[in-house]
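Subject: Handover of a structure

Dear colleague,

Please find the structure below, followed by a summary of what was found in it.

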Amino acid sequence: MPVSLIDVPVEQRPRERLLALGPHALSDVELLALLLRHGRPGASALDLAVELLVEHGGLTGLAAARPEELSRRAGVGVAKAAALIAAFHLGSRARGDTATPIRLGGAADVAAVARPLFTGDRVERLLVLVCDAQNQLRQKVFVAEGAVDQVAVPVREILNTVLRHDGRAFAVVHNHPSGDPTPSLDDRRATTLLAEAARTVGLRFLDHVVVAGEAWSSAPAIVGNH
């Protein structure tokens, strides 16, 4: 049978400590164990939490782990892996919430909003920033994920995402895990396609930004024959 937190003395159980002392009193291991709930035969949820943090080099590495990586560990599985991914992303979204509307006035604003969302990513991902008619940010939606060094640009899905969220303008961002934000020829072609497609459906295309860690670059459209 899996070893549960119920096997831990009551006063030491993370849930009871959280309720009595608040979440700030709990360690990363204890908070993670609360999400896991159960361990595996011979190892409690606390033991499993320690293993995950050590394997991934702490919370930052664990937050960047892919679902299939997490689910492969004995005692985690698909359900717990999904719960962990969901928890980290909820935390990320909560940190991004603000009472002051964010206006995307240029590529620097796009990069500032997007960079934290790509922290630790080891594959390319494509983010759509949906804005209203005043270029104020409404939604941040990831629409594609690629291999280690490439991501497809699904133009139709991008436009559908903007329209689905009642957007009037949008920017797209993708990352270069290589660490070099220099736009490739394919990146510039994607900019050209997106600009043309946006005009066709009456949307305003703001920018296509490539991020790589703290660095970023705007991917210009190809002028002339493409």
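The side chains of arginine 17 and glutamate 30 form a salt bridge with an N to O distance of 2.8 Å; the term denotes a side-chain nitrogen of Lys or Arg within 4 Å of a carboxyl oxygen of Asp or Glu. Arginine 17 belongs to helix 1 (residues 14–21) and glutamate 30 to helix 2 (residues 28–36), so the pair ties together parts 13 residues apart in sequence. Helices (H or I, at least four residues) and strands (E, at least two) are DSSP runs, numbered from the N terminus. Glutamate 30 is buried, at 12% relative accessible area (buried means under 20%, exposed over 50%, partly exposed in between, with a 1.4 Å probe and protein chains only).

Please note that this is a predicted model, in which local features need pLDDT of at least 70 and side-chain atom pairs count only at pLDDT 80 or more, while totals for chains, interfaces and linings use all residues. Residues are numbered from 1 along each chain as its sequence is written, and side-chain values use heavy atoms, leaving out hydrogens and water.

A second salt bridge joins glutamate 55 and arginine 73 (2.7 Å, N to O). Glutamate 55 lies in helix 3 and arginine 73 in the loop between helix 5 (67–71) and helix 6 (77–96), 18 residues apart in sequence. Both count as partly exposed, glutamate 55 at 43% and arginine 73 at 26%.

The structure holds 13 salt bridges, and Arg66, Glu68, Asp121, Arg125 and Glu145 are linked in a network of them. Overall, the protein has nine helices and five strands, and 39% of its 226 residues are buried.

Yours sincerely
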